Amino acid sequence: GVTTVVMGNCGVGFAPVHNHDHDRLIELMQGVEEIPGTALHEGIRWGWNSFTDYMRALDAAPHAIDFATLVPHDALRLYVMGDRAAEGQAATDDDCARMRDLLRDAMRDGAIGFSTGRSDNHRTARGEETPASEADARELNALASAYAGLPYRVLHAVSDYDCIRATPDNERALFDREYDLLEGMARTANRPLAVTWLERINAPRQHRWLAERAEGSRAAGLDVRLQTACRPVGILNGLDTSFNVLKSYPSYREIHKLPVADRLAILRDPDFKARLLAERPITLAQPGSSVPPLVDIIVSKLDESAAVMFPLTVRDGALPDYEPDPSTSFAAQARARGTSALEVIYDYLADGDGGNLVYFPIFNYLGGSLDGLDQMMRHPQALFALGDGGAHVGTICDASFQTTMLAHWVRGRTRGPRWSMEQAVEMMSARNADHLGLTDRGRLLVGQRADINIFDAGRIAPLAPQIVRDLPAGGRRMMQKSQGMLATLVAGQTILDNGELTDARPGRWVPGAAS
């Protein structure tokens, strides 16, 4: 049901680029967004250096849907600074001026804005920090100065506000310091800033602080928007996904590369099970590894983490249960059985045909319900976002946010308030279009672009996620189809007919607002 997407989020992308840095950008994308490097190597047809040429190359390829582009900070920094960027060195005044000029050129030529990634959980495929993750205020403000005199453009930022490094004594101070940097960038640019907004399991107060600061920014005349998901950001763990908790144990490490059927047979051996359950987990987030430190924290506190780990079940034959009752968690099952959460998860993964999935709503599920997320989505500064349409292909399947919004929040929710259809559609269409300055779409009006979805409101729902291997080089990803989407039109042409793609390719690159 999506007709326009925005590329270049989280500060990563493939332009601007020097020819000798192709592998470096692939490693960055592989590590940050968990897209197989083999698929990227085979699938990308390089033929550009500047961001403008990249936009032209994208536009020349056939697409079913429209797309707008953000200039990614990491690629821009690598292009200007080379090895010094990869080593995390501070930008010089000349570096800042060069990045500012290149960013300005790209936005003048149609890029919709700029994105920067500042998450401690993001790593390259080599386990290194991302090039722009520690950029200082001088650099951020220099980049923001590129907006002066240009038409409407936006700033996007992802940050976890240093919560990985925080202690109870300094958590708020670290948060405020990071927010001050981003707010200063928005003040310099005098353009809307959109930041990720999540209920974090490892920083449960942070989302309230962010709302307070964003409201204060708006009161001071700065347009700060809060990018909000419509369901938990749920990590899916299974035998055929990129990660499951068993991978932290030495015995499983010995067999984890075997075919699923072979692993199943071994996991069902009582002696193997007893040996693994007696082991201590190993540390995965080591130098040279792209595994984020949060993984080790979760596994080290598995009995606690398992309170928000659930079997992925399907209700009414279609909609996966994205608001599971806490009584069904693996921690609750462990208490009922008088055993450890690890053993319960082990037995679940070893059961069936190897396709069982553990749903771990790591963000947006504090308190075991979506009541907090409901309040976040209703915030006047909230944007419908964070769908990760093409990223984290082996652990997350969140491109189905739109169908979840219509199925769960409008029709199916039983544990709290629902939304009207009008509220849901406005949030997913007009509100985001307005934020991005896309004045030709987002509403059903005469003269607007004919981007239209027709769906059965009583049936619309995402189906259960499945593993498919259809990426270049046979790469694996999660696919989640839907039911009830009758037709999708882009620019008046039908690209989806009763759930099946047509041959129509009306999609184009969408430039930012003209002067």
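**Group meeting: sheet, helix and pocket in a predicted model**

Helices here are DSSP runs of H or I with at least four residues, strands are runs of E with at least two, and both are numbered from the N terminus.

A word on the model. It is predicted, so local features need pLDDT of at least 70 and side-chain atom pairs count only at pLDDT 80 or more, while totals for chains, interfaces and linings use all residues. Residues are numbered from 1 along each chain as its sequence is written, and side-chain values use heavy atoms, with hydrogens and water left out.

Confidence next. pLDDT is the predictor's confidence in each residue, from 0 to 100. The chain has a mean of 91, and 95% of its residues reach 70 or more. Helix H6 (residues 93-108) is highest, at 98. Strand S9 (residues 314-315) is lowest, at a mean of 66.

Back to the sheet. S8 and strand S11 (residues 358-363) are antiparallel, over two bridges. Two strands count as paired if DSSP finds at least two bridges between them. The open sheet has three strands, in the order S7-S11-S8, with antiparallel pairing. S7 and S8 (310-311) are the edge strands, and each pairs on one side only.

Stay with S7, residues 233-237, which holds Leu236. Is Leu236 buried or exposed? Leu236 is buried, with a relative accessible area of 4%. The cut-offs: buried is under 20% relative accessible area, exposed is over 50%, and partly exposed lies in between, with a 1.4 Å probe and protein chains only. Leu312 is 76 residues from Leu236 along the chain, yet their C-alpha atoms are separated by 8.4 Å.

Now helix H18, residues 401-412. Its end C-alpha atoms are only 14 Å apart, short of the 16 Å that a straight helix of twelve residues would reach. That expected span is 1.5 Å times one less than the number of residues. Ten of the twelve residues are buried, so H18 is largely enclosed by the rest of the structure. Among the buried ones are Phe401, Met405, His408 and Trp409.

Last, the second largest pocket. A pocket is an open set of points on a 1 Å grid over the protein atoms alone, with protein on both sides within 12 Å along at least five of seven lines; lining residues have an atom within 4 Å of a point. This one holds about 450 Å³ of space. It has 17 lining residues, and the closest to its centre are Ile201, Asn202, Ile297, Lys301 and Glu304. Helix H13 (293-300) and helix H14 (302-305) each give two or more residues to the lining. H13 gives the most, with three.

Technical notes: On a 1 Å grid over the protein atoms alone, a cavity is a set of points where a 1.4 Å probe fits but cannot get out, and a pocket is an open set with protein on both sides within 12 Å along at least five of seven lines; lining residues have an atom within 4 Å of a point. Grid points are joined across faces, edges and corners, and a volume is the space filled by probe spheres set on the points.
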